[in-house]
Amino acid sequence: MSDTPFGFGLPPEEPEDGDEGKKKDQQSGGGQGPANPFGFGGLPGAGGFGGPGADNPLAAMFGSLNPTDLGAAFQQLGQMLSYEGGPVNWDMAKQIARQTVSQGTSDGTKDASVGPAERTAVQDAVRLADLWLDDATSLPSGAASAVAWSRAEWVEATLPAWQELVDPVAERVGAAMGDVLPEEMQAMAGPLIGMMRSMGGAMFGTQIGQAVGVLAGEVVGSTDIGLPLGPAGKAALLPVNIEAFGKDLGVPKEEVRLYLALREAAHQRLFAHVPWLRSHLFGAVDGYARGIKVDTAKLEDVVGQFDPQNPEQLQDALQQGMFQPEDTPEQKAALARLETALALVEGWVDAVVHAAAKPRLSSADALRETLRRRRATGGPAEQTFATLIGLELRPRRLRDASRLWASLTDARGVDGRDALWAHPDMLPTANDLDDPDGFVHREQLDFSELDKMLGEAADGSAGKPNLKKDEGDDKGDDAE
């Protein structure tokens with residue numbers, strides 16, 4: 001159970017008295033550790049149920065707040081109870097994400113506005129990366145511009161994509177909250193259902209906001225999780241996070257920045273020039289989400305015991321695994337499609353970037369392995385989806401996919417490899433990742449047959465006048 005009566009709280013602001021303030025805050029139960037990015041921390045200065053005023057929830061919640069904090073707390077509570085929007089309170093998500101960013105990361109790194117020198121360095125790195133990629137892929141540049149973002153700017157720019165990914169699942173949960181009551185009781189329980197849905201939207205908003213805020217402290221660009229989270233055609237890097245990422249690698253900062261610019265620019269090329277890819281990936285996430293079922297038995301227990309003064313019960317249900325993938329062939333197929341699609345995207349980027357960087361950067365191998373391991377271990381983004389819908393956005397077969405793309409490059413060249421992105425049906429499947437050599441051989445045969453068919457079609461088109469003449473002759477013969 002949360003230590004905060006309503007299960008929510010504004011992330012604590014940085015104490016004015018430095019380390020002493022932090023110690024006092026920790027002793028009082030306030031604050032929120034980085035090890036639990038999805039928890040719901042206490043309000044600033046609140047003692048919680050275990051602190052002073054534990055017998056009085058309102059005293060525990062508001063007792064030690066100054067007037068400014070008290071006003072903010074009541075404002076947040078009002079937002080939760082009066083929310084009437086979609087399945088997720090995105091205003092709250094944005095607010096909490098920004099507040100989480102303002103606290104800094106666990107290593108003490110604070111967010112900061114990006115200066116002119118850093119912006120120029122990012123633009124130069126992306127420009128050079130695009131030049132190098134010209135030799136490694138047939139897809140032209142997809143970055144119309146290059147920008148350097150602060151963590152707060154990353155939050156602002158990526159929230160629309162998170163909304164597109166999360167809303168379908170949250171909608172299912174909101175509907176389930178009303179469906180668990182018998183139909184004859186739903187009319188009588190209208191206000192209660194409305195409150196539950198408002199609280200559900202607030203809980204989703206809080207979880208997403210905290211997760212996105214934590215993620216903003218780790219990402220180095222707009223495509224770290226294999227999905228295009230930022231605006232189309234805008235290559236973005238986060239200088240403060242690049243600095244932290246390369247701190248202990250023993251690699252010059254310029255090389256780290258350039259290698260990460262290569263990855264960002266490669267993703268931008270793929271998403272810009274494979275028009276169906278974005279909808280394919282987001283559709284795969286949505287398809288998987290449609291197969292998620294809500295544990296109605298658990299939800300019925302929560303609703304049956306629901307106390308409007310303790311809406312944290314709903315929060316506990318969200319955090320304790322209310323969502324389960326359906327064990328059906330359709331759901332397993334949806335998961336396989338999603339995992340394979342993510343692996344193919346990340347594997348292609350890995351192979352293309354390595355081909356571009358290997359001859360030019362002495363640190364290419366070390367940076368490649370570091371990023372592979374970083375991607376494989378997951379992070380806040382993966383935890384977000386695992387918590388909300390049991391979905392891990394981890395390309396489990398990244399290395400297999402990278403080897404397959406490399407084999408295709410050797411066998412068919414850059415143009416032949418990239419031609420597979422022309423249509424989703426042409427891409428390798430999960431089984432093909434098990435047998436890359438078989439796929440390369442089979443695809444070569446398929447393409448030769450396709451070339452033959454296209455050639456025959458071209459010949460037939462060129463011979464159309466003769467065809468008309470023949471048709472005329474036939475008509476003349478018939479007339480005779």
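Setting aside neighbours within four places in sequence, tryptophan 405 touches Leu344, Gly347, Trp348, Ala351, Arg417, Leu420, Trp421 and Leu427, a contact being heavy atoms within 4.5 Å. The model is a predicted one, where local features need pLDDT of at least 70 and side-chain atom pairs count only at pLDDT 80 or more, while totals for chains, interfaces and linings use all residues. Residues are numbered from 1 along each chain as its sequence is written, and side-chain values use heavy atoms, with hydrogens and water left out.

Trp405 also turns up in the largest nonpolar core, which has 90 residues; Trp154, Trp162, Leu277, Trp348, Trp405 and Trp421 have the most contacts inside it. Such a core is a set of buried Ala, Val, Leu, Ile, Met, Phe, Trp, Tyr and Cys residues joined through side-chain atoms within 4.5 Å, buried meaning under 20% relative accessible area (1.4 Å probe, protein chains only). Helix α14 (residues 329-357) gives this core its largest share, 13 residues. Across the protein chain, 48% of the 480 residues count as buried.

The chain holds 20 helices and four strands, taken as DSSP runs (H or I, at least four residues; E, at least two) numbered from the N terminus. Of contacts between residues at least 6 apart in sequence, 78% join residues at least 24 apart.

Terms used. Buried means under 20% relative accessible area, exposed over 50%, partly exposed in between (1.4 Å probe, protein chains only).
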